[in-house]
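Subject: A structure for you to look at

Hi,

Here is the structure I promised to pass on. Have a look around it first, and then read my notes below.

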Amino acid sequence: MSLRLGDIAPDFEADTTQGHIHFHEWLGTSWGMLFSHPADFTPVCTTELGRTALLKDEFGKRNVKVIAVSVDDLESHNRWTPDIKDVTGSEVNFPIIADPDRTVATLYDMIHPNASEKATVRSVFVIGPDKKIKLTLTYPASTGRNFNELLRVIDSLQLTAEYQVATPADWKDGEDVIVTPAVSNDQLEAKFPKGVTFVKPYLRTTPQPNK
């Protein structure tokens, strides 16, 4: 059964390039991003893992722990990581889960038989500190992920978890946001002291509250 938004992210134990982990314990009180790769020594994956490593400080600022998973074994991962540094100039600074028996891939429904019977699709799961799934994205094996978009989505998720706002199309951190319908007009001044603009009766905007 596929996982849905709001579901508890399945817990598991696994060996990784940074030691054995118990997933929920490893996450602790942080946000998490779990993302899958079809296989080691594949060209798109090599660029993605290098890009993730380059963005370590950006994920850190957002209190996000990043972890990758591939259905190859630990020995294969350890042989692959020097290639990633060679190609991208980035040392892999986050764990890669060894999943040769496809335990994690199965728990997270990462193998789509109509796409490939063996390789995982490029799934992304953003998980909140409450261990609930906040976002899922699935790409085909041929398409690399946009990591600037993933950071943008995390900014939105964290902002909207704290305030009664939503983010409009193409929103970027620092731009105006939308006041949710749950906030009555009588509450606006108290909740949004920076002011509110009525675009339509049902569309009210305000400067980003945490800036």
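What follows is a short tour of what was found in it.

First, some ground rules. This is a predicted model, where local features need pLDDT of at least 70 and side-chain atom pairs count only at pLDDT 80 or more, while totals for chains, interfaces and linings use all residues. Residues are numbered from 1 along each chain as its sequence is written, and side-chain values use heavy atoms, with hydrogens and water left out.

**The overall picture**

The protein chain has seven helices and eleven strands. These are DSSP runs numbered from the N terminus: helices are H or I with at least four residues, and strands are E with at least two. The C-alpha trace spans about 60 × 40 × 30 Å along its principal axes. Of the 211 residues in the chain, 45% are buried. Buried here means under 20% relative accessible area, exposed means over 50%, and partly exposed is in between (1.4 Å probe, protein chains only).

A contact means heavy atoms within 4.5 Å. Take the contacts between residues at least 6 apart in sequence: 63% of them join residues at least 24 apart.

UniProt, in an unreviewed entry, places the feature "active site" at Cys45. UniProt positions are given in the numbering used here, feature names are shortened, and annotations may be inferred rather than shown by experiment. Cys45 sits in helix α2 (residues 43–54). Is Cys45 buried or exposed? It is buried, because its relative accessible area is 0%. Not counting residues up to four places away in sequence, Cys45 touches His37, Pro38, Ala39, Trp80 and Arg122.

Now look at how α2 packs against helix α4 (residues 74–88): the angle is about 75° and the axes are 9 Å apart. That makes α2 roughly perpendicular to α4. Axes are lines fitted to C-alpha atoms, for helices over the stretch in contact, and angles run from 0 to 180 degrees between N-to-C directions. Under 35 degrees counts as roughly parallel, over 145 as roughly antiparallel, 65 to 115 as roughly perpendicular, and the rest as oblique.

Which residues meet there? On the α2 side they are Cys45, Thr46, Thr47, Leu49 and Gly50, and on the α4 side Trp80, Asp83, Ile84, Val87 and Thr88. By class, this contact has five nonpolar, four polar and one charged residues. For those classes, Ala, Val, Leu, Ile, Met, Phe, Trp, Tyr, Cys and Pro count as nonpolar, Asp, Glu, Lys and Arg as charged, and the others, Gly among them, as polar.

**The nonpolar cores**

In soluble globular proteins, nonpolar side chains tend to be buried together. A nonpolar core is a set of buried Ala, Val, Leu, Ile, Met, Phe, Trp, Tyr and Cys residues joined through side-chain atoms within 4.5 Å. The largest one here has 26 residues, and those with the most contacts inside it are Met33, Phe35, Leu49, Phe59 and Phe94. Elements that each supply at least two residues of this core include β3 (31–37), α2, α4 and α6 (147–162). The most comes from α6, with six residues.

Leaving aside neighbours within four places in sequence, Phe59 is in contact with Met33, Thr52, Val64, Val66, Phe147, Leu151 and Ile154. Apart from this core lies another, of 21 residues, among them Leu3, Phe12, Leu34 and Met110.

Most residues other than glycine have a negative phi, and most peptide bonds are trans. Asp109 is not a glycine, yet has a positive phi of about 55°. Asp109 lies in the loop between α5 (103–107) and β6, and counts as partly exposed at 30% relative accessibility. Lys131 also has a positive phi, near 70°. You can find Lys131 in the loop between β6 and β7, where Lys131 counts as buried at 14%.

**One last stop**

Ser123 is in strand β6 and is buried, with a relative accessible area of 2%. Leaving aside neighbours within four places in sequence, Ser123 is in contact with Leu34, Phe35, Ser36, Met110, Leu137, Thr138 and Arg145.

Enjoy exploring!
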